[in-house]
Amino acid sequence: LFKYHYIYFSDNEGKIIFNFYPLGFFEGKKQSIRIPVKELYDIEIRKSFLGIRKSIILYRKMGNKIAKYPPIYLSSLSDDQRTRIINTLDRLKIRQTA
């Protein structure tokens, strides 16, 4: 219902890395998203299910095309953890457009 995920996030060495997998039995497999910082195009924050289910969608610029990644559900994170990740991604995105 809430789509809880274990999430590992890093923005070291010029790459944005998200490793995540759903928590629970029979939920799914581990996924990984790796984007060079210079290719981060945009981020989108979504809330659904009465604002309880929170997710982030990353967009990557590859040449003249934009790739959209599947949502990463942030519902299992604390407000502080969620805010730090979003602020970091915003900062990296702004740096690219400057």
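**View 1. The aromatic pair of the predicted model.** In this predicted model, the count of aromatic pairs comes to one. Phe 9 and Phe 18 form the pair: their ring centres lie 4.8 Å apart and their planes meet at 45°, so the pair is tilted. The angle falls in the tilted class because planes under 30 degrees apart would count as stacked and those over 60 as edge-to-face. A pair of aromatic rings is described by the distance of the centres and the angle of the planes.

**View 2. Surroundings of Phe 18.** Phe 18, a member of the tilted pair with Phe 9, has a relative accessibility of 0% and therefore counts as buried. The cut-off for buried is under 20% relative accessible area.

**View 3. A nonpolar surface patch of tyrosines.** Tyr 6, Tyr 8 and Tyr 21 make up a nonpolar patch on the surface. Together the three residues have about 300 Å² of accessible area. Tyr 21 belongs to strand β2, which covers residues 15–22. With 36% relative accessibility, Tyr 21 counts as partly exposed, because this class lies between the buried limit of 20% and the exposed limit of 50%.

**View 4. The protein chain as context for the close-ups.** The protein chain contains seven strands and one helix, in the order β-β-β-β-β-β-β-α from the N terminus on. The chain has 98 residues, of which 35% count as buried. Of the contacts between residues at least 6 apart in sequence, 36% join residues at least 24 apart.

Methods
Residues numbered from 1 in each chain as written. Predicted model: local features only at pLDDT ≥ 70, side-chain atom pairs only at ≥ 80, totals over all residues. Heavy atoms only, no water. Phe/Tyr/Trp six-rings, centres within 6.5 Å; stacked < 30°, edge-to-face > 60°. Buried < 20%, exposed > 50% of the residue type's maximum accessible area, 1.4 Å probe, protein only. Patch = residues over 30% accessible without salt bridge, like charges linked within 9 Å, V, L, I, M, F, W, Y side chains within 5 Å. Areas by Shrake-Rupley, 256 points an atom, 1.4 Å probe, with all protein chains shown as cover. Salt bridge = Lys/Arg side-chain N within 4 Å of Asp/Glu carboxyl O. Helix = DSSP H or I, 4+ residues; strand = E, 2+ residues; numbered from the N terminus. Contact = heavy atoms within 4.5 Å.
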